[in-house]
Amino acid sequence: MTLRARHLYVHLPFCASRCGYCDFVTVVGREGQHEAYVSALLTELALERPALEPRLESVFLGGGTPTLTEPSSLARLLQALPSAEEVTVEANPETVTPALARLLRECGVTRVSLGAQSFAPRLLEVLDRQAGPDDVRRAVYALRDAKFDNISLDLVYGIPGQSAADLDADLSEALALGPEHMSCYELEAKPGTRFTHAHGAELARQAEAMEWYFERVVARLTEAGYRWYETANFCRLPDGAGGRDLRSRHNLAYWRGRDYLGLGIGAVSTIEGRRWRNTPRLGRYLAALAAGERPPREVEALSEPVRRSERVLLGLRLDEPLSLDGLEGAVDAAALARLERLGLIERGRGAEDLALTERGRFLGGGVTAELLA
Amino acid sequence: MDQNRIRNFSIIAHIDHGKSTLADRILELTDTVTGREMRAQVLDTMELERERGITIKAQAVRVNWKGHELNLIDTPGHVDFTYEVSRSLQACEGALLVVDAAQGIEAQTVANAYLAIENNLEIIPVVNKIDLPQADAEGTAAEIAELVGDDPGRVLRISAKTGEGVAAVLDAIVERIPAPGGSAAEEAPPRALVFDSSYDQYRGVVAFVRVVDGSFSAREPLRAMAQGTRFESEEVGFFSPTMRAAEALGAGEVGYVITGLKDVSRLRVGDTLTSERRLASEPLPGYKDVKPMVFAGLFPTDSDEYPDLRDALERLKLNDAALFYEPETSQALGFGFRCGFLGLLHMEIVRERLEREFDLDLIVTAPTVAYRVLTKAGEEVEVHNPAEMPREVERVEEPYIKASIIVPKDYVGPVMELNTERRGRFDHMEYLSEERVLLLYELPLGEIVLDYYDQLKSRTRGYASFDYDVVGFREGKLERVDVLIAGEPVDALSLIVHRDGAYARGRALVERLREEIPRQFFDVAVQAAIGSRVIARETIKAKRKDVLAKCYGGDITRKRKLLERQKAGKRRMKQVGSVEVPQEAFLAVLNLEGGKK
């Protein structure tokens with residue numbers, strides 16, 4: 001077996017409270033179950049170990065709020081995971097104490113992704129976030145003190161009540177902290193959720209405004225020396241970062257269509273054309289693994305055409321050209337020609353490579369939908 | 001049957017005023033159908049008719065009452081079928097004029113009552129639904145008496161639902177309606193009026209006839225005089241209520257003739273049948289070659305369904321001589337058919353039948369009317385499609401209608417205003433009662449086909465009732481307005497409008513299109529133009545952002561499906577040049593004013 005996965009995702013669902021806009025699999029409270037959950041994760045890892053390379057490129061602990069996990073359980077988990085060149089942990093700012101930062105560092109974490117979202121207290125309140133702006137700053141300082149040299153900040157824009165000036169202020173505040181990496185997401189309000197219900201009219205207004213918010217975000221960050229390497233992700237250019245490539249290696253793996261193993265409730269794995277999602281129910285997950293069995297899963301077989309389509313839709317999110325080699329039939333030739341004429345796509349060397357132009361990247365979703373055969 | 005013992009009658013009533021229920025009661029009371037055989041509303045055979053409460057195809061049923069043979073000739077219930085109604089009425093000597101005691105007279109009742117009076121029919125006024133709590137039997141009786149010039153005391157009061165008074169209706173038919181005239185003499189050259197026809201896939205065209213002179217029997221060579229169609233009668237008979245073969249149909253009788261013809265268009269309503277052996281010298285009066293007045297393009301939403309649409313139209317045409325269609329190719333909508341209809345309701349019925357009975361998904365372009373055009377070259381052409389209107393014309397004539405509108409008196413102002421906007425010419429106004437007013441107007445049909453009826457209803461809170469009859473062609477100052485999307489003319493959106501309204505229409509249309517057409521990857525100009533002169537312009541600004549915010553390992557499947565749906569949505573759009581136009585946009589022209597509200 002040469003095609004084993006080199007990327008591991010571990011889901012830690014625990015949160016102190018649920019944020020209105022969030023649609024990840026989360027579990028509020030249940031402090032008493034952290035230890036049992038970590039045990040279950042390690043049992044699942046043991047069951048799936050044959051699908052993983054011995055040495056991994058990346059491990060990513062996402063949530064939920066991974067840093068809300070009991071420190072002893074978190075440490076046990078991190079120490080038991082296979083080693084990897086990049087180990088990222090997601091953290092909510094209010095949970096990052098100097099002690100936690102040190103613990104992460106000692107357990108081999110190389111990168112921390114902080115969910116700042118905004119620096120405006122009233123906007124954080126709209127999002128139900130627990131942290132305030134000072135918490136974000138304190139968290140960054142604590143991580144720096146623990147010698148973390150790869151910190152990512154998440155920002156959200158299009159928050160109900162957010163003005164253009166608010167967005168600029170958030171970007172300035174974030175840049176002032178000098179993060180190596182930033183992820184900036186447009187707020188996605190799912191229809192039918194409590195959040196959408198509460199903010200419907202304002203969200204509609206934001207939809208108009210966000211058209212150029214996105215351009216603003218890209219302009220500000222690229223001016224500040226960041227590389228817009230994926231639709232919503234930015235990292236400092238190598239010359240501003242001691243020559244390091246600061247793109248998230250774990251997420252790059254998704255966008256390049258690599259295989260990955262996911263552990264934990266709701267976690268998704270994709271290995272050799274098979275994709276499965278673990279049950280999102282904590283009780284079922286724990287029960288199955290306590291019995292030494294795999295948790296209930298939803299399995300999706302990915303046909304070759306589907307895999308090719310996914311390669312296109314993921315690959316076009318990046319700022320690097322997508323090679324059409326091996327993607328025969330995934331792209332509609334007439335659409336490609338039209339998009340080229342419109343200046344949204346460029347062909348690279350030998351016409352085998354595709355890249356979106358800058359304008360094409362702002363329209364990446366629509367362009368991809370049109371391009372797919 | 002002795003001609004003196006025959007009575008031929010029809011029932012005139014507005015939709016929902018109880019015609020079918022009364023017909024059912026008559027069938028029951030005369031023991032034509034009994035008990036369990038009774039299917040509610042026997043005469044309405046088609047599913048669609050039932051649901052819409054209207055009758056498309058006339059039929060005739062024979063019943064016996066106190067030693068008399070009564071033929072009930074069912075008339076189509078709507079304006080678009082005025083000609084068919086008039087032929088049905090011509091086959092009768094009398095008519096029941098049925099009015100709902102709670103609703104009072106409607107415009108359609110007036111139009112059909114006038115038609116009956118013109119045909120010299122004996123009218124028996126009937127107030128129905130007197131059992132309803134809100135019924136105003138006396139007020140309604142007074143209204144009808146006024147309309148037909150009769151004594152209110154002679155207006156019958158009934159409830160078709162409970163059966164109350166229905167026997168008196170049958171008695172009145174025998175007493176008041178005259179026996180049919182015509183010559184029953186053996187040697188008289190036979191003549192029969194075709195008042196309806198239908199197509200049976202096994203037996204071919206079945207003609208519904210009223211024998212005027214002589215008699216008709218099976219295995220007889222016959223001729224339809226106006227069209228010259230010849231055939232041999234395979235069978236004659238009558239309905240009671242199902243088909244019953246008879247040896248012959250004699251003078252004054254109503255029944256059917258099975259012709260064996262394979263095409264309804266060869267035997268048109270209003271034609272006169274005679275025998276090849278004793279040819280009549282003169283046909284019966286009143287035959288008209290009915291021409292479609294309203295036209296629209298019908299296109300399959302999915303171009304693969306074009307052959308299905310063609311087959312479906314062929315099949316509908318078998319039973320609907322008034323339906324016209326010919327292939328049409330639109331740059332925007334692909335292959336379809338330009339169809340001609342008697343009127344708006346006829347169009348609506350055809351569209352619904354295509355969608356319901358044939359399971360087709362259609363785009364129907366804005367209806368237009370038949371224009372008579374004299375070109376600069378001196379050539380006369382009839383134009384059924386705005387996109388085919390020559391740019392240089394000497395003269396254009398458009399069809400005019402006489403409209404009867406009945407409204408409560410408080411709404412006379414708004415109706416007059418609407419009619420003025422639609423280039424109407426006021427003709428006459430009269431009070432039917434203290435509350436209700438009849439307005440007569442002449443209007444261009446082209447002003448009615450788009451959204452007149454909706455406007456009339458909305459400006460009168462639904463109280464207005466409306467009916468019309470085409471009265472002829474008149475010259476009009478008409479202009480062809482074209483729509484250009486990103487510089488490309490869109491044939492399916494061309495309009496013909498009066499010069500005075502061209503600017504406003506063009507403006508409204510481009511505004512509407514700007515709303516209907518989603519933003520694209522580039523700026524899109526939407527223009528309305530008369531010839532090369534642009535009269536209105538809007539720009540659909542290019543999209544600046546269209547991305548899926550985040551996409552990581554856990555949501556690839558969902559994002560892929562999202563894009564697949566987006567892609568499928570694009571496939572349903574029509575490509576105009578490089579612009580994707582949703583099908584709804586082609587309907588924008590249908591309700592311009594509706595959209596502004």
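This report walks through a predicted model with chains A and B, one region at a time.

## Chain A at a glance

Let's start with the overall make-up of chain A. Its secondary structure comes to 13 helices and 17 strands. Out of the 373 residues in chain A, 47% are buried.

How do contacts link up parts of the sequence? If you take the contacts in chain A between residues at least 6 apart in sequence, 69% of them join residues at least 24 apart.

## A three-stranded sheet in chain A

Three of them make an open sheet, in the order β15-β17-β16, and their pairing is antiparallel. The edges are taken by β15 (322-323) and β16 (345-347) of chain A; each has a single partner strand, so one side of each has no neighbour in the sheet.

Zoom in on β16(A) and strand β17 (residues 353-356) of chain A: three bridges join them, and the two run antiparallel. One pairing you can pick out is A:E346, which stands opposite A:A355 in β17(A). As a bit of background, strands of a sheet pair through backbone hydrogen bonds, either parallel or antiparallel.

Next, find helix α11 (residues 333-341) and helix α13 (residues 364-371), both in chain A. Their axes come within 8 Å and cross at roughly 145°. On the α11(A) side, the contact is made by A:A335, A:L336 and A:L339, while α13(A) brings A:V367, A:E370 and A:L371. What kinds of residue are these? Five are nonpolar, one is charged and none is polar.

## Where chain A meets chain B

Keep α13(A) in view, as it turns up again here. In total, 36 residues of chain A are in contact with 23 residues of chain B. On the side of chain A that touches chain B, the elements giving two or more residues are β8 (181-186), α7 (194-223), α8 (249-255), β12 (268-271), α10 (304-315) and α13 of chain A. Which of them gives the most? That's α13(A), with six residues. The residues on this side of chain A divide into 17 nonpolar, nine polar and 10 charged.

## A six-stranded sheet in chain B

Over in chain B there's an open sheet of six strands, in the order β2-β3-β1-β4-β5-β6, and this one has mixed pairing. At its edges stand β2 (60-65) and β6 (156-157) of chain B, each with a single partner strand, so one side of each is left without a neighbour in the sheet. Strand β5 (residues 122-128) of chain B is joined to β6(B) by two bridges, and the two run parallel. Within that pairing, B:V127 has B:R157 in β6(B) as its bridge partner.

Helices pack here too. Helix α1 (residues 19-29) of chain B packs on the sheet, touching β1 (6-13), β2, β3 (68-73), β4 (94-100) and β5 of chain B, and its direction makes about 150° with that of β1(B). Helix α6 (residues 166-176) of chain B lies across β1, β2, β3, β4, β5 and β6 of chain B, running at about 170° to β5(B).

Which residues of α7(B) are buried? They are B:L309, B:A312 and B:L313. These cover an arc of only 100° around the axis, so they sit on the same side of α7(B). On the other side of α7(B), B:P307, B:D311 and B:E314 are exposed. The buried residues pack against β17 (294-300), β18 (324-330), β19 (334-341) and α8 (344-356) of chain B.

Finally, a few backbone angles to look up. In chain A, the peptide bond from A:G63 to A:G64 is cis, with omega near 20°. A:G64 lies in the loop between β4 (56-63) and α2 (71-80) of chain A.

In chain B, two residues other than glycine have a positive phi: near 55° for B:R219, and near 50° for B:A486. B:R219 is in the loop between β9 (216-217) and β10 (221-224) of chain B. B:A486 lies in the loop between β28 (478-485) and β29 (488-489) of chain B. How exposed are they? B:R219 has 9 other C-beta atoms within 10 Å, so it is exposed, whereas B:A486 has 19 C-beta neighbours inside 10 Å and counts as partly exposed.

Definitions and conventions:
Residues are numbered from 1 along each chain as its sequence is written. Chains are lettered from A and ligands numbered from 1 in the order in which they are written. This is a predicted model: local features need pLDDT of at least 70, side-chain atom pairs count only at pLDDT 80 or more; totals for chains, interfaces and linings use all residues. Two strands pair if DSSP finds at least two bridges between them. Helices (H or I, at least four residues) and strands (E, at least two) are DSSP runs, numbered from the N terminus. Axes are lines fitted to C-alpha atoms, for helices over the stretch in contact, and angles run from 0 to 180 degrees between N-to-C directions. Two residues are in contact if their C-beta atoms, placed from the backbone, lie within 7 Å. Ala, Val, Leu, Ile, Met, Phe, Trp, Tyr, Cys and Pro count as nonpolar, Asp, Glu, Lys and Arg as charged, and the others, Gly among them, as polar. A residue is buried if 20 or more other C-beta atoms lie within 10 Å of its own, exposed if 12 or fewer, and partly exposed in between; C-beta atoms are placed from the backbone. The arc is that of the directions from the helix axis to the C-beta atoms.
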